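Take a look at it, then read on.

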Amino acid sequence: MEILLKEAKSILTPQRNGFLAARPYPFTHSLSGYVGCGFGQTTCGLYCYAQFLPNWHFRGFTAEWGHAVQVKTNAAQLLAKALSTMKPQVRHKLRIFMSSTTDPYQPVEREYQITRQCLEVFADYDDLDLLVVQTRSPLAARDLSLLGKIPYACLSVTIETDDQIYLKRLKGGPPLEKRWELIRESRACGISTQITVSPCLRYSGIENFGQRLLRSGANRLIVDSVTDGDGSGGERTARSPFAQVEPDWEDSDHAHRLYRYLEEYAGGTDIALGWSIAGFCGITPRYLAQ
Ligand code: SF4
């Protein structure tokens, strides 16, 4: 793994277009403590759209996606400065997605703790609207007590299939059982918790996967497909290694079937459901939820 330590110039990236800026409740900013992602060497690296984005290609890495990471060593200091110099009425409106182009709990976080340092900054403020921490890594369990101190935090965990054998046959990834455990622990700590089946890969059976999602304890469930969620109507996925290893990659019937199943059985529960981009951007602002 090629690791580059670098001071960033800014840390909150405004979202004016793209999937995070979608209705009904767009995010105002994204926050990435890293450029590149160590999970790029696993299954999700096959279809990850971040490998096609300019912020990866302009950094001058020679390594392939998943084999290099830039660490933004001053991320927490930049965040502390941004939040402390912001007027409260502006801060109240912040809806931050951490992170859209990297996993905040990828393996290098164990050593560099950039995400943890940022959470320590957020924990000093109780007045933002939303912080979504998006990960597929059981390492997030390390910071649950910290996340529990941030009243607007939502832990969002990717579980793209319930089929460990299928996941392993592709390129593996953080073990699914550990991700389910992370969700249980997160809810036990009282943290708002979301599961993103994004993108929905082949699963073992609709009853098995659907019921497991519904009984996971998560407050929100998002289902997505590669064609709806890659930000280009499937064009990026067509160019990705995933299209080579999975000939049926364009078929999203199984994702729609799972979503319909969840709609049918989530009725009468408190679980919020969302499809693709509108689901990601569907978390109600605090002032409306109260
Ligand atoms: S964890 Fe997310 S950012 Fe990292 S390679 Fe996988 S899909 Fe891409």
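Let's start with a term: two strands pair if DSSP finds at least two bridges between them. Strands themselves (E, at least two residues) and helices (H or I, at least four) are DSSP runs, numbered from the N terminus. With that in hand, Leu4 stands opposite Gln70 in S5.

Two notes before going further. The model is predicted, so local features need pLDDT of at least 70 and side-chain atom pairs count only at pLDDT 80 or more, while totals for chains, interfaces and linings use all residues. Numbering runs from 1 along each chain as its sequence is written.

**A three-stranded sheet**

S5 sits in an open sheet of three strands, ordered S1-S5-S4, with mixed pairing.

Is S5 buried or exposed? The test is a neighbour count: a residue is buried if 20 or more other C-beta atoms lie within 10 Å of its own, exposed if 12 or fewer, and partly exposed in between, with C-beta atoms placed from the backbone. Five of the five residues of S5 (residues 68-72) are buried, so the strand is largely enclosed by the rest of the structure. In a regular strand the side chains alternate between the two faces of the sheet. In S5 both faces are covered: Ala68, Gln70 and Lys72 are buried on one side, and Val69 and Val71 on the other.

**Another set of strands**

S6 pairs in the parallel sense with strand S3 (residues 29-31) over two bridges, where His29 is opposite Ile96. S6 is also parallel to strand S7 (residues 130-135), over four bridges, with Met98 opposite Val133.

**Helices and the core**

Helix H3 (residues 75-84) has Ala75, Ala76, Leu78 and Leu79 buried. Down the axis of H3, these residues fall within an arc of 160 degrees (taken from the directions from the helix axis to the C-beta atoms), so they line one face of the helix. They pack against S5 and H6.

In H6, the buried residues are Ile114, Thr115, Cys118, Leu119, Val121 and Phe122. Their arc is 155 degrees, so they too line one face of their helix.

What is the largest nonpolar core made of? A nonpolar core is a set of buried Ala, Val, Leu, Ile, Met, Phe, Trp, Tyr and Cys residues joined through C-beta atoms within 7 Å. The largest one here has 75 residues, and Cys118, Leu131, Ala153 and Val223 have the most contacts inside it. H6 (residues 114-122) gives the most to this core, with five residues. Two residues are in contact if their C-beta atoms, placed from the backbone, lie within 7 Å. Leaving aside neighbours within four places in sequence, Ala153 is in contact with Leu131, Val133, Leu147, Ile191 and Ser192.

Two cis peptide bonds turn up in the model:

| Cis bond | Omega |
|---|---|
| Arg23 and Pro24 | about 10 degrees |
| Ser198 and Pro199 | about -10 degrees |

Pro24 lies in the loop between strand S2 (12-14) and S3, and Pro199 in the loop between strand S9 (192-197) and helix H10 (206-214).

Gln113 has a positive phi of about 55 degrees although it is not a glycine. Its place is the loop between helix H5 (109-112) and H6, and it counts as partly exposed because it has 16 C-beta neighbours inside 10 Å. Ser276, also not a glycine, has a positive phi of about 50 degrees. Ser276 belongs to helix H15 (residues 276-280) and is buried, with 23 other C-beta atoms within 10 Å.
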